[in-house]
Structure formats: C-alpha cells, structure tokens
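Thanks for coming. I will go through one model today, and I will keep to computed geometry.

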Amino acid sequence: MPEAQQQVQLSFAPVVQAVSPSVVNVYATRIEQRSASPFANDPFFSRFFGDQFQTRPRESRSLGSGVIVDAGGVILTNSHVINGATDIRIALNDGREFAVDLVVEDQQTDLAVLRVRDANGTDFPAITFANSDDLLVGDLVLAIGNPFGVGQTVTSGIVSALARTGVEASDYEFFIQTDAAINPGNSGGALVDMRGNLVGINTAIYSQTGGSVGIGFAIPANMARLVAEAGVSGGEIVRPWFGAKMQAVTADIAVSMGMAAPHGAMITEVAPDGPAERAGFRSGDVILSVDGLRVDDPSAFNFRLATRPIGQTAQLERLRGGATETISFPLEAVPSAAAEAVASISGNTRFAGVTVRQLDPALSEAKGLPYDASGVIVTAIEPGSAAEAMGLRVDDLILALNDAEIGTASRFAEIASQRARTWQIILQRNGRVTRSIVSG
C-alpha cells in the first residue's frame with residue numbers, strides 16, 4: 001500500500017515517454033480477387049451472362065502495430081499483419097511515414113521483420129530487449145499499439161500467466177498472458193516492463209465479442225529477438241533440431257514413473273540417426289528442464305530449444321528409470337535438402353510449375369508424418385501454372401503416379417516430365433489419401 005501522497009501520484013508516464021517513439025503503426029495494402037456479383041458462381045446465371053461475372057481485383061487495407069528494433073530502421077511486427085501485402089507503410093508516433101520492405105516473414109512464430117526503404121540517414125529510436133525468462137506472474141506491464149486505428153494507445157496490466165499454449169496455430173506456442181487491454185490493431189505492438197524494455201510482441205486475444213476482455217497474449221522477447229536479429233543481419237532463421245517426437249507427461253504417467261507431479265516432455269519416438277539418437281536419448285525418456293529452466297510440456301521444450309544458438313550446447317535434464325541426469329546436447333541445425341532431393345518441373349506437362357522435395361526424417365517431423373514416410377511433398381507452385389490448374393497444393397504428399405511409386409525427387413521428375421493421355425495420381429492431403437484421374 002502507498003505510504004505517502006507522492007507514492008499515490010506515481011505515474012507510468014516516464015516509461016511511456018521513453019518507449020512510445022519506438023512503437024509504430026503498420027499499414028498493409030492487399031490486392032484481392034473478388035467477384036463483381038453474388039451470382040458469379042451460379043451455373044444458371046453463368047450460362048446466360050458468360051464471363052460478365054469474372055473476378056476483379058479489389059484493394060483492401062489492414063492495420064497493425066510494430067516495434068523499431070534497430071536504429072537503421074528495422075521494425076518487428078506480426079506475420080499475420082502483413083501477410084500477402086503488396087504495399088506496406090509505417091507511421092511513427094510523431095506523424096512521419098515511411099515505405100518499408102519485407103525482410104523476413106516467419107510464419108512458424110507469427111513474426112515478420114520490415115526495413116525502411118529510404119531512411120536517408122534517419123536515426124530511428126530502437127527499443128531494448130528484456131530477458132523474457134525473468135518475467136514473473138504479477139509483474140506490471142504496458143501494452144502499446146494502434147487499436148482500431150484510433151492512434152497510439154497505452155494500456156496497463158500485469159502478467160497474468162506464462163507459457164500459455166493452444167492460443168494460435170504456430171509451431172512455437174509459449175505465450176505471455178496479460179490483462180493489459182489488447183484489441184484489433186494492437187497486433188505487432190510492444191509489451192514492455194517498468195524499465196521500458198520489450199518483454200513481448202502483442203499478437204492475439206481471447207474474446208467472444210472481438211474486443212478486449214482482459215485475456216491477451218504476447219510472443220516472448222527471447223523468441224522475438226532471434227527473428228529480429230535475422231532481419232537486422234539479413235540472414236535466415238536457423239533453429240536447432242532435436243530429432244524426436246514427444247508428448248506431455250500425464251498424471252498416470254507421472255505415477256508410473258515415480259514423479260511427485262506431472263511435468264516434462266516425454267519422448268515417444270526418435271528420428272533415425274538424428275541428434276537426439278546420437279546423444280543417447282530414447283523412447284520413454286522425460287526431459288525435465290533445458291539449461292535449468294523447467295519444461296512443463298513439449299511446447300515448452302520446443303520453445304526453450306528454439307531460443308538457443310546453433311553450435312553451442314544445451315544442458316538437458318533427463319529422467320530415465322527413476323534417476324535424473326544432465327546431458328550436454330550439441331545444438332545442430334535442421335539438415336538442408338540436398339540438390340538431388342529437390343525437383344522443379346517445367347515444359348509441356350501437366351506438372352509444370354510444381355516444386356517437390358523428397359521426405360527425410362526432419363521434414364517428416366515438421367509435417368507431422370512418420371519418420372519412415374516415403375514420397376515427395378509439394379513445396380511450391382507457380383501461380384497460373386499447369387500444376388496449379390490441375391489442383392495441386394503446397395504440402396500435398398505425392399505417393400504414386402500412374403501406378404509407379406514415388407520415393408525420390410528424381411523419380412518424380414522422371415515420370416512427371418513425360419507426356420501421358422491421362423494421369424492417375426495418388427496423394428495424401430490433410431491426412432487423407434485420395435486417388436484422382438486427370439487428362440494429360
């Protein structure tokens with residue numbers, strides 16, 4: 001409780017004045033194809049009016065927020081704020097506007113990095129990152145952004161919870177929960193502590209009305225820093241690969257293993273010749289902590305490992321047979337695809353415009369497939385290509401063409417480059433195997 005009138009009059013104003021110049025408004029413009037008529041897809045009207053109902057390009061705009069992370073004009077925001085945008089601009093809190101280029105878009109974390117196109121020597125006010133692992137439930141925080149496009153707005157609250165999962169469909173769910181009001185337009189804005197340091201990037205809310213109900217979520221600064229550093233250096237994001245599938249430790253599993261309480265990530269399957277297997281891990285092992293930081297579930301383990309730099313070692317506390325030990329685990333990057341494992345099809349064929357990659361354990365794990373899965377997976381399709389017209393989609397797993405099993409990219413290229421009167425395609429999409437026949 002305050003003990004004097006001076007303490008009652010304490011204000012967040014010094015923190016806001018220091019941080020608000022580093023928070024920007026982000027304006028993204030998209031060109032969308034929309035039908036000129038609600039009857040465009042009706043066969044009856046199409047028969048009489050022909051192509052008069054063709055789709056037409058229509059401009060749409062979205063707004064969000066961003067945080068300046070480098071004095072040279074590098075901005076961190078959410079991927080969903082700028083995804084698919086053809087033009088992106090930012091506005092500083094003093095009213096200056098700049099066109100920006102997209103440097104990095106990492107949909108795995110829902111983060112993106114922008115860079116001012118013509119800075120002309122401008123020195124931008126960059127924010128300082130905090131160590132988000134130091135946050136505690138109950139800490140005071142401020143959320144700064146541009147809700148509903150009304151202009152820069154500051155709200156206050158506390159850290160309501162840490163390590164929240166099940167919020168977004170991202171690969172690294174480990175969100176900071178706060179009751180500081182976050183509304184549409186706040187996405188990509190700053191969550192800062194009382195020292196004016198960035199502890200998170202505001203990214204989502206839980207709401208049944210579309211407005212704030214006191215449950216907002218932010219991506220921790222330790223993850224955001226890695227993406228920002230890749231944008232500043234112009235490099236790519238490279239994360240460690242563990243090479244194992246995991247599940248949460250349930251209460252029943254904890255009892256069977258003699259654990260006092262259920263926590264940790266239990267290994268259920270190990271990738272053949274992957275980093276985990278080479279380090280001696282096997283199915284049934286439970287990882288309790290990473291570098292001394294507690295692991296409650298597989299999402300927490302994935303986050304902890306993803307924020308460690310390649311080439312170093314992480315100290316993993318392992319439970320096996322009722323005994324715990326600490327394993328020094330070398331951090332290796334996800335293996336890149338060899339040249340012969342990728343094939344792009346061109347020429348006069350129904351598969352022209354598709355790029356595929358043959359499966360390996362790391363790719364199979366990333367796509368939620370068994371480690372021993374075979375086939376080639378679609379990684380890219382050129383817009384307007386024959387492959388797109390045929391109906392292929394990114395992440396389709398092609399298993400066979402005209403009764404010939406497809407196990408390698410070279411085998412796919414050999415068969416797909418041929419001319420055929422008809423094509424019988426067996427593929428797996430969203431977990432379902434389908435068989436289709438299309439003309440050649």
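I start with totals for the chain and then take a few regions in turn.

This is a predicted model, so local features need pLDDT of at least 70, side-chain atom pairs count only at pLDDT 80 or more, and totals for chains, interfaces and linings use all residues. Residues are numbered from 1 along each chain as its sequence is written, and side-chain values use heavy atoms, with hydrogens and water left out.

Totals, then. The protein chain has eleven helices and 25 strands; these are DSSP runs, helices being H or I with at least four residues and strands E with at least two, numbered from the N terminus. Of the 440 residues in the protein chain, 45% are buried. Buried means under 20% relative accessible area, exposed means over 50%, and partly exposed lies in between, with a 1.4 Å probe and protein chains only. The protein chain exposes about 21,700 Å², and carbon and sulfur atoms supply 48% of that. Those areas come from the Shrake-Rupley method with a 1.4 Å probe; for residues, only the protein chains shown count as cover. Contact means heavy atoms within 4.5 Å. Among contacts between residues at least 6 apart in sequence, 58% join residues at least 24 apart.

Next, the barrel. In which order do the six strands close into a barrel? The order is β7-β8-β9-β12-β11-β10, with antiparallel pairing. Two strands pair if DSSP finds at least two bridges between them. Neighbouring strands of this sheet are turned by 45° against each other on average, direction ignored. Helix α5, residues 221-233, packs on the sheet and touches β11 (198-205) and β12 (216-220). The direction of α5 makes about 55° with that of β12. For these angles, axes are lines fitted to C-alpha atoms, for helices over the stretch in contact, and the angles run from 0 to 180 degrees between N-to-C directions.

The loop between β9 and β10 holds asparagine 186. Is asparagine 186 buried or exposed? Its relative accessible area is 3%, so asparagine 186 is buried. Leaving aside neighbours within four places in sequence, its contacts are Ser65, Ile144, Gly145, Asn146, Pro147, Ala181 and Asn202.

Seven of the nine residues of α8 are buried, so the helix is mostly covered. The buried ones are Pro298, Ala300, Phe301, Phe303, Arg304, Leu305 and Ala306. At the start of α8, a side-chain oxygen of aspartate 297 reaches to within 3.2 Å of the backbone nitrogen of serine 299.

Arginine 308 sits in the loop between α8 (298-306) and β17. Arginine 308 counts as buried because its relative accessibility is 13%. Its side chain makes a polar contact with the side chain of threonine 307 at 2.9 Å. A polar contact is a pair of N or O atoms within 3.5 Å; within protein, one must be able to donate a hydrogen and the other to accept it, and residues adjacent in sequence count only if both atoms are side-chain atoms. Not counting residues up to four places away in sequence, arginine 308 touches Pro240, Val290, Asp291, Leu293 and Leu331.

Strand β17 (residues 313-320) is joined by eight bridges to the antiparallel β18 (residues 323-330). Leucine 319 stands opposite threonine 324 in β18. This hairpin has two residues between the strands, and glycine 321 takes a positive phi near 60°.

Last, α11. In this helix, residues 409-416, the buried residues are Ala409, Phe412, Ile415 and Ala416. They cover an arc of only 135° around the axis, so they are on the same side of α11; the arc is that of the directions from the helix axis to the C-beta atoms. Their cover includes β21 (376-381), β22 (397-401) and β24 (422-429).

Isoleucine 398, in β22, counts as buried at 0% relative accessibility. Its contacts beyond four places in sequence include Phe412 and Ile426. Alanine 400, also in β22, counts as buried at 8%.
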